[in-house]
Amino acid sequence: MKFLIEDVTVYFPYDHIYPEQYCYMIELKRTLDAKGHCLLEMPTGTGKTIALLSLITSYCLSKPQSPMKLIYCTRTVHEMEKTLAELKILHNYQIKHLGPQARILAIGLSSRKNLCVNPTVVAAENRDSVDAGCRKLTASWVRALASENPDVAMCEFFENYEKAASAAVLPPGVYTLQELRAFGKEKGWCPYFLARHMVQFANVVVYSYQYLLDPKVAGIISKEMQKESVVVFDEAHNIDNVCIEALSVSVRRKTLEGATWNLSRISQEIDRFKATDASILRAEYNRLVEGLALRGNLPITDNWLSNPALPDDILKEAVPGNIRRAEHFLHVLRRLVQYLSGRLDTENVEKESPVGFVASLSSHAGIDQKTLKFCYDRLHSLMLTLEITDTDEFLHIQTICDFATLVGTYGRGFSIIIEPFDERMPHIPDPVLQLSCHDASLAIKPVFDRFQSVLITSGTLSPIDLYPRLLNFHPVVSRSFTMSLTRDCICPMVLTRGSDQLPVSTKFDMRSDPGVVRNYGKLLLEMVSVVPDGIVCFFVSYSYMDGIINTWNDSGILKLVFIETQDVVETTLALDNYRRACDSGRGAVFFSVARGKVAEGIDFDRHYGRLVIMIGVPFQYTLSKILLARLEYLRDTFQIKEGDFLTFDALRQAAQCVGRVIRSKADYGMMIFADKRYSRHDKRSKLPSWILSHLQDANLNLSTDMALHIAREFLKKMAQPYDKTGSSDKKTLLSQEELEKLGDGSMHEMSY
Amino acid sequence: MNNGAGRRINGAAEEDDDEDDVNGDLDAWERTYTDERSWESLQEDESGMLRPIDNQALYHSQYRRRLRSLSSTAARIQKGLIRYLYIVIDLSRAASEMDFRPSRIAVIAKHVETFIREFFYQNPLSQVGIVTIKDGVAHCLTDIGGSPESHINALMKKLECSGDSSLQNALDLVDGYLNQIPSYGHREVLILYSALSTCDPGDIMDTIQKCRKSKIRCSVIGLAAEMFICKHLCQETGGTYSVALDESHFKELILEHAPPPPAIAEFAVANLIKMGFPQRAAEGSISICSCHKEAKVGAGYTCPRCKARACELPTECCVCGLTLVSSPHLARSYHHLFPIAPFDEVTSSHLNNPNCKLQRNCFGCQQSLLDPGNKPGPAVVCPKCKRMRPADMHQLLLVTTLL
């Protein structure tokens, strides 16, 4: 269907639209008009993605003169594929209505691991080795060598791509990763480099968060994007954590050992070069004198480029004299590694600010701040000069240089924490030095500055006013939408008491109480007897899950269960079997951990999750030094109270967990928050509004047997057939005519 | 439907109950309250008054749905008149639960009895068998046959519940039996399922495909909640899946299976069947009955081909295997092919309109169309003669009359 929103004709590929999708589009349209940033919360299962895509592409179509571009960031490859598939449907629809002028180029960009078609390279097990494998075949010096010596292996796909040169373009259309690979295979062009090349021409680019947020890769991929681009962060409820992770580094003993080894290899290489071809090193030296910025015209495969998070002047400045010579740079790095390992030998937990750290570093090891700042770029320059291709071997020294650059660059928003052992296992010495970033706005600031509109959207962004403060920006629109439902298909409950009326909680002083553990066990057991098919049960942490399962096992109240572990393969297998058990009618329980992989990425829709039990409030480990440091920083800088942030963080995790069960409006599911703390207003009110609106007052303070009864009634009610379009007064699906009527009405309202 | 609001419970009272639940030693008067939860059949209206839960809307929507399904079948549709139906009753542990009064199994048994009688009344040419699931094993309680009494008697004797339930075992067993029946008969299974899981020896998906291949129509009525596997089974084999809300709803659901379903298209080949119309023997004549193997006096039927005596109709002759029916049976089956047309609904505003010269009383029963509160209830009008009847009456006509 197509309809008008203000002055934009929106092409929507389906015959019906949900009212909330319509409102969502209106808000989006306003954001784009205002050229500002926005925050929108809309529950999952309401077709957020398609609403976004269809409005933005339609907006571009209506303004053909503007070079607007959509950059869509997803968290996982799976989501990327889903988004592209939706876009494809939309694109076909637009072509059908508008003809060839609606043609756009949309591509997904991912790592080599997902895009490579060379069978020998892609066989490697992890991402870094695929990258290194690719470099071994495509680096410029390897290819130069190969032109003389036919025995040197090259990648035929890349060669073909290079040969085709400017002729290597993708015809307009929507390409999923799969299709990109197929296209590359068919033409014999390397899909990865093709995609990277096409990014600057594409109208829609779908890729992962890292490409924009992680300074290490953002430079390569995203520097070509125009200012007019619209950036969308989907499922962005954890965006602050992503930002922080992108700028945090941790150094362990292993890293240092690896770095020492790397250094000795580099020095061997240097000696070898000195013996054979000293001119290369001299050329590098000269280049460095002129400044790093001039390095930009290297061929794309060798291009490493830099931090957009770094101040611009760094790129223009010349590298300080004491690290221009390769040997001198190695000495500096050696001293740095030595100093770090000396610091790691400490017996106590230490916390320091970057400024203090740099000061002590310069007094003990004689390395000043400016030198530190350049480590990252200097190392890469050196590695290019030395023609090192197996970059995955050199991760350790890269980590060290990363660390050095960050310490040298930022004085605020970071802290350095040295812990001699893990808090939870004080007997095993495992010293770790962490440079942790506290300020999520540092990594995302360039994105906000650079692009005209940034949209942050997710199913759970409540409380919505906290995000602008955390990320330090000013949205023009921030709104939260609820779901219009034909029936009350979600049933959240807060369970505060066990069957023996004793309160249940995972509060620290109560969690190991056998009574509480028994009550949780009983709750699960009774729920299993009334809920068919799949049940998902989330715990606050792995250690608590292990503990409670052991206790249950000893008291013999377990049955068919599957457990998420930290091992990915094992978890996948467990999930697979869990699905099978649900399919075959056996029924099963899946134990998982909030903040785990399952809670973030796996859907338990339909019969795979009729009930989700959230045992406890998933607070972060509050004694962790990093968290404490971050909280302190937040309080001092953004005036966010510790308690507020902790609750916010815990509740968004909880909402994320329970949101796994509802993925569409036809679905139904129950959610049990099993902790007495959920009944307090300050906690509860931070849940997203689409859950809150279904949380009845009567269900706020339940005991096990009351919850059981409600569950029974709910399941029976939901099993009844129902009318999908909703009754006349509560329309949940709008056809074109109804929408037009609504459009007139809402215009009217808005003019008031 | 905001039944949830009705669940607003006085916290203190509830706590008492719960403690008692735990202690397990309740007085009889207490038990009636904890078991029945009579407060839950009340709900609060807008002004805070308590009133019984209003299921009117629900029933009305069900009525509409039935009408719709009827109107969609109003076109010439083939119906399987000769049905071979197995009723599978789940006697697992879950069937002994007490959420239906007095227990699930008692309710099931009671309504299966009504169903079997109703079934034979509407489908005199069809036959029924009963299978039970208990301890994960399926048993054939009665072989397929045409006598309601024998099925009911057999069922009433075996109502103990225990163990797990296995859908696959039951389907395998039924599939084995139904494969033997003649090709003109329609194979159906009605599963009354109490459990919420199934413990199967093998892959149930294979069994479902097998049922589908042998054209067995499987329908399930659940007593607790919707199960994926049951839904899948019904979808695959063309049956219906429903879940009972309470006892009366259960009764309604099970009786919906009494009228013959539309025939599966590819299976609906027209067939000629040989039948005999036996004569009723003269009063006082003595003969040896072929079904009970004993001498009986009077009131029997004589097979027109081999002259053997049968006690009741319809049946199959024990000697020559001829299907014995009487002509009223045929006529009764026949009416399913021509259902009465759906009536038009009359809106209440229409009824209240004083200018409108519609009658205020039902044409059939002469009762007022207005509810006791002088509010007009739902009414319908016959499209042919334009006479009004209340909506319930139309339902009655649809379900029971053999016009």
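A salt bridge is here a side-chain nitrogen of Lys or Arg within 4 Å of a carboxyl oxygen of Asp or Glu. The exercises below apply to a predicted model.

**Exercise 1.** Determine which parts of chain A make up domain 3 and domain 4, and state what separates their centres.

*Solution.* Begin with the division of chain A, in which domain 3 covers 247–439 and domain 4 covers 490–719. Then take the centres over C-alpha atoms, which for domain 3 of chain A and domain 4 of chain A lie 43 Å apart.

**Exercise 2.** Describe the interface of domain 3 of chain A and domain 4 of chain A by its contacts and its buried area.

*Solution.* Consider the residues in contact: 13 from domain 3 of chain A meet ten from domain 4 of chain A. Turning to area, about 1100 Å² is buried between these two domains, and carbon and sulfur atoms give 60% of that area.

**Exercise 3.** Identify the salt bridge that the rule finds across this interface, and then characterise the side contributed by domain 3 of chain A.

*Solution.* The rule finds one salt bridge between domain 3 and domain 4 of chain A.

On the side of domain 3 that touches domain 4, strand E11 (414–421) and strand E12 (429–437) of chain A each supply at least two residues, and E11(A) gives the most, with three residues. Sorted by class, that side of domain 3 of chain A holds six charged, five polar and two nonpolar residues.

Notes
Residues are numbered from 1 along each chain as its sequence is written. Chains are lettered from A and ligands numbered from 1 in the order in which they are written. This is a predicted model: local features need pLDDT of at least 70, side-chain atom pairs count only at pLDDT 80 or more; totals for chains, interfaces and linings use all residues. Side-chain values use heavy atoms; hydrogens and water are left out. Domain bounds come from an automatic or database domain assignment. Contact means heavy atoms within 4.5 Å. Buried area is the accessible area (1.4 Å probe) that two parts lose on being put together, summed over both. Helices (H or I, at least four residues) and strands (E, at least two) are DSSP runs, numbered from the N terminus. Ala, Val, Leu, Ile, Met, Phe, Trp, Tyr, Cys and Pro count as nonpolar, Asp, Glu, Lys and Arg as charged, and the others, Gly among them, as polar.
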